[in-house]
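Hi everyone, thanks for coming.

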Amino acid sequence: MPHLGTNGFTRRNVLAAAAGAAGAVATGALVSRSEAAPNDSAAAPDIDLGHVAGEQSSVIEVVLPDRDELDRLVATGVDLDHQVNLVDDRLVVHAVISPNEGATLTAMGFTLGNVIYTPADAKARLAEREATIAGHVAANEEFSASATGRTATASDVKIIRADYYTQGTTMVLSVEAKWAQGQTATDTLTVERDSGKGTAIGSGGTQTISRFVDAGVYLYHRGAAQVTARPDYIRITSPTGGIAVAKVKEWLPTPGHDPEGPGYQKDFITSYLTPTELYDRIKAIAAEHPKLAEIVELPYKTNGYRRKAQAVFGSASASRVAVDSLAWGHEGGNSIAIEIVDPGGAGRPLSVSVTGTDIQVTLASDTAGAVTSTAAEVVAALNASPGASGLIQAYTYRGNTGAGVVAPAARTLLTDDLTAPASVSREPHPVYAIRIGKHRNGSKLGVLAYAQEHAREWVPPLVTIETAERLLRNYKHDWRTRELLDNLDIWIAPSINPDGGHYAFYDDNSQRRNMTNHCAPTGSADFLARDSWGVDNNRNYTEYSRFDGYSGASASCTSDTFSGPSELSEPENKNLDWLAARPNIKFAMNLHSSGNYFMWSPGAYAVPGRISAPRPTLAEESYFWSASSRILTSIKRHRNLAVTPARTGPISDVLYSAAGNSGDMLWYKYDIYAWNFEVGTSFQPEWVEAHDETMEFSNGLVELFRVARDFDKDRRSPKSKLKVSPSPTHGMVSVTFETNEPAAVYYTLDRSAPTYSSTLYGSAGIREGAETLTVRAGTTINWFSVDAAGNVEDDYRPGGHRRNYRTAKAILPRH
Ligand SMILES: [Zn+2]
């Protein structure tokens with residue numbers, strides 16, 4: 001369904017439909033669905049790029065002469081990184097392709113460029129992560145060992161930092177300390193303070209600090225608290241009796257314009273985190289802050305990090321026999337073995353015998369002793385055998401009739417080919433969000449952040465964790481954070497697609513989709529196609545999808561932009577739909593990587609013709625831009641790295657069409673101001689870079705919460721001005737409206753009182769400013785403006801009795 005604007009500019013839920021209709025008239029850019037959507041037959045054909053089983057993918061440049069060629073590339077269903085670069089008048093995009101897919105693209109006339117990232121690079125990232133974790137564990141063990149049998153001088157607790165700072169009139173003490181038992185024991189540590197030079201320890205009160213655990217490894221205890229006097233010394237006595245004393249240092253104040261203020265606690269991430277670790281992390285921080293946070297298990301479990309155990313016997317399609325276990329691989333499928341033997345004599349019949357989980361197929365032979373059993377016959381014999389059919393299902397290869405003679409094969413174990421450790425659940429996986437805020441009952445303005453729709457994007461989930469930590473750990477001592485949490489209802493879902501996420505960590509680093517096989521048994525459902533399955537979760541939503549005729553998603557079950565069999569077919573997508581349907585949610589951030597983009601709707605267009613999903617109105621667009629500049633400024637503050645204007649704007653303008661993406665569903669279906677981050681420069685950058693990206697985009701995400709809070713408390717009415725200038729047409733004048741903040745202007749030219757049904761002042765065109773109206777000189781113009789929060793200029797009530805709207809005659813100003 002096309003959406004009709006129902007945000008603040010139109011007084012949500014009041015006159016929404018009328019406003020939407022007016023918008024269509026005024027902007028001219030808004031096209032109704034019936035006109036815009038071509039039927040399915042017009043959608044691009046789905047091409048099989050020919051991913052070969054076991055082939056690993058690399059990130060490789062594709063060099064394109066123009067946007068038409070980009071559209072043609074997107075229409076192949078190729079897996080693209082979220083990057084489009086203009087280099088020497090040509091477009092360079094990053095495709096995630098295997099050698100065979102690269103050959104197909106080259107044959108289709110596309111030009112490949114440099115290789116950017118290979119599976120070997122991913123291995124190096126994982127090795128780096130493991131080394132970091134191992135280093136922390138070793139340091140913990142060393143400390144623990146040195147503290148055993150301690151003497152009066154060797155304590156099992158040491159103070160790392162004790163920083164005092166002021167923030168406005170608030171005095172804060174921040175402490176970090178390491179305890180030798182911290183890896184296994186979950187106790188908090190108590191810090192005793194003195195109340196100034198020469199006073200007794202304890203006279204300034206106490207504070208507790210809690211464990212900081214990252215990637216399952218204890219790092220240290222940390223925490224900040226408000227104090228009433230500047231302490232000079234602190235003391236920590238560990239639960240095991242170790243004692244540490246430290247002098248408190250003054251933290252240098254930073255300039256006051258920094259919204260984080262001095263001593264703001266951040267930097268909570270030390271390595272990449274798997275989905276299991278992400279969920280463990282939010283559970284731990286929610287448990288630590290029960291008054292401010294809770295874990296919400298979303299209503300739909302995933303299909304699970306699991307597959308049936310499989311094998312394909314033979315090499316030519318006609319003689320291949322494909323076999324799937326009935327049980328999941330981890331539930332017994334992986335222990336089933338099949339052997340296909342030559343009878344070793346003449347005139348033998350085809351037979352199947354089963355011993356335990358060992359299946360033996362003895363092939364038939366003719367009078368000369370040559371094997372005669374065809375693939376179709378072997379399949380039939382296996383499925384007819386009571387023993388075998390209780391373990392497996394056999395089928396010919398990809399719908400082949402199976403007339404080829406089957407070759408003998410050595411005993412082969414069926415396998416699900418999944419390599420994650422047992423600590424990764426094989427069951428349908430719950431998807432978790434952490435809900436943060438003092439009042440989590442729907443009464444406060446809701447903001448949603450979610451990451452890892454795409455499995456291989458390892459940095460965006462870290463941004464969400466870093467942000468959750470910042471919110472909760474700064475609440476007590478930072479009034480700005482407290483204001484956010486006291487007034488907002490924040491939902492953070494660090495991994496929407498945990499199955500794919502686990503697969504990307506343990507099996508194939510270039511995995512983008514979930515793991516669900518939607519290929520038919522007569523298609524690519526067999527063992528050799530196992531790493532080409534899955535639905536692109538960011539193409540499976542309900543608005544402007546492939547099913548509506550929009551571009552940038554594939555119908556092929558082996559394409560990396562596979563839309564799924566129908567809208568919201570996937571549990572991951574149903575979960576996000578559920579989240580977005582929380583009625584108080586008004587702002588959202590969808591975190592992806594990479595490319596340093598910042599985008600909003602529309603995110604899809606139909607080809608041919610590039611007919612876009614409806615564009616936001618002028619007022620909405622200017623609100624998107626003004627909020628964006630705040631968020632991007634916060635990002636830039638970390639290391640002066642700017643998201644460029646060219647990479648800011650509607651997805652379909654600055655990137656490419658992505659039919660059925662989540663941002664569009666949130667905006668068009670739920671009226672949520674929905675943005676999309678494309679974090680950083682690659683999916684799995686070296687840790688030093690990943691860390692910086694996490695810090696800077698967490699800055700941006702926190703700023704979104706501030707934007708939401710400011711929206712919520714905005715009671716100030718907008719102000720507008722009418723500008724009249726000469727028109728080239730005799731007797732006419734040119735008229736524009738200006739507003740002092742992003743605001744919608746509704747106007748009439750027939751002296752009637754303006755309402756939300758009046759004409760909505762529009763934009764001149766894509767990424768252009770406001771339109772210029774041409775009216776007869778002397779025309780009376782009545783109007784009012786309304787901002788994003790719904791405040792109306794001069795408190796005028798459209799449709800009411802008072803006539804305190806703005807009014808002016810369109811007359812040239814005298815000089
Ligand atoms: Zn993505």
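**Rings and their partners**

Let's begin with a charge and a ring: the charged end of R610 sits over the ring of Y605, 4.1 Å from its centre. A second example is R320, which lies over the face of Y397, at 4.5 Å from the ring centre. Please keep in mind that this is a predicted model.

How many aromatic pairs does a search of the whole structure find? The count is 34. To describe a pair of aromatic rings, we give the distance of the centres and the angle of the planes.

Take Y544 and Y668: their ring centres are 4.8 Å apart and their planes are at 65°, and since an angle over 60 degrees counts as edge-to-face, that is what we call this pair. Where do the two residues lie? Y544 is in the loop between helix 11 (498-506) and helix 12 (571-580), while Y668 is in helix 15 (residues 662-670), so the pair ties together parts that are 124 residues apart in sequence. Both Y544 and Y668 are buried.

My next pair is F784 and Y796, which is tilted, with 5.4 Å centre to centre and 55° between the planes. F784 belongs to strand 35 (residues 780-787) and Y796 to the loop between strand 35 and strand 36 (806-809), so this pair links parts 12 residues apart in sequence. Are they buried or exposed? Buried means under 20% relative accessible area; F784 has 1% relative accessibility, so it counts as buried, and Y796, at 3%, counts as buried too.

Finally, look for one aromatic cluster whose members include F587, W600, Y623, W667 and F711.

Terms used: Residues numbered from 1 in each chain as written. Predicted model: local features only at pLDDT ≥ 70, side-chain atom pairs only at ≥ 80, totals over all residues. Heavy atoms only, no water. Phe/Tyr/Trp six-rings, centres within 6.5 Å; stacked < 30°, edge-to-face > 60°. Helix = DSSP H or I, 4+ residues; strand = E, 2+ residues; numbered from the N terminus. Buried < 20%, exposed > 50% of the residue type's maximum accessible area, 1.4 Å probe, protein only. Lys NZ or Arg CZ within 6 Å of the ring centre and 35° of its normal.
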